Amino acid sequence: MARFLLVLKPSGQGSAPASALIDGLQPVLEALQAELDHRTPAHLSALLRHGTDGMHVQLFADVQAKADGYVLELALMSREPMGKGAPLTRSAFERLVAACGQHLPQLALVFRSDRDGALPA
């Protein structure tokens, strides 16, 4: 099972409420052509259809409270085997990273599992 994690943190002074971080994902979901599955003020899940083979990639977004404010954790998961590098899921993850950079400039990238390791510090 493939799993890639991205952690974003609001930059600057103050902290956005959890619901504002989830609301801010709407343009990212549109850019990825994701279908919203479930949403609460601090969580959402969506489905991405990737490629011509119809593989499904699930996106989970959770707002986590940390000592220094909220972070937004985005996880992409699929049934694609990681042993072969999960190229389709990795491609979807790259699209997610790019969409977040474009549509969420107020959030700083603090962790990505393909670059920083399997678990955030």
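How many helices and strands does the protein chain have? The model shown is predicted; local features need pLDDT of at least 70, side-chain atom pairs count only at pLDDT 80 or more, and totals for chains, interfaces and linings use all residues. Residues are numbered from 1 along each chain as its sequence is written, and side-chain values use heavy atoms, with hydrogens and water left out.

**View 1. Secondary structure of the protein chain.** There are 4 helices and 6 strands, taken as DSSP runs numbered from the N terminus (helices H or I, at least four residues; strands E, at least two). Their order from the N terminus is β-α-α-β-β-β-β-α-β-α. Of the 121 residues, 42% count as buried (under 20% relative accessible area, 1.4 Å probe, protein chains only).

**View 2. The pair Phe4 and Phe93.** The rings of Phe4 and Phe93 are stacked, at 5.2 Å centre to centre and 25° between the planes (ring centres within 6.5 Å for a pair; planes under 30 degrees apart for stacking). Phe4 belongs to strand β1 (residues 2-10) and Phe93 to helix α3 (residues 87-103), so the pair ties together parts 89 residues apart in sequence. Both Phe4 and Phe93 are buried.

**View 3. Surroundings of His43.** His43 is in strand β3 (residues 43-50). Leaving aside residues up to four places away in sequence, His43 touches Ile22, His38, Phe60, Ala61 and Asp62 (heavy atoms within 4.5 Å). A polar atom of the His43 side chain lies 3.3 Å from the backbone oxygen of Ala61.

Notes. Phe/Tyr/Trp six-rings, centres within 6.5 Å; stacked < 30°, edge-to-face > 60°. Buried < 20%, exposed > 50% of the residue type's maximum accessible area, 1.4 Å probe, protein only. Polar contact = N/O pair within 3.5 Å; in protein donor to acceptor, adjacent residues only side chain to side chain.
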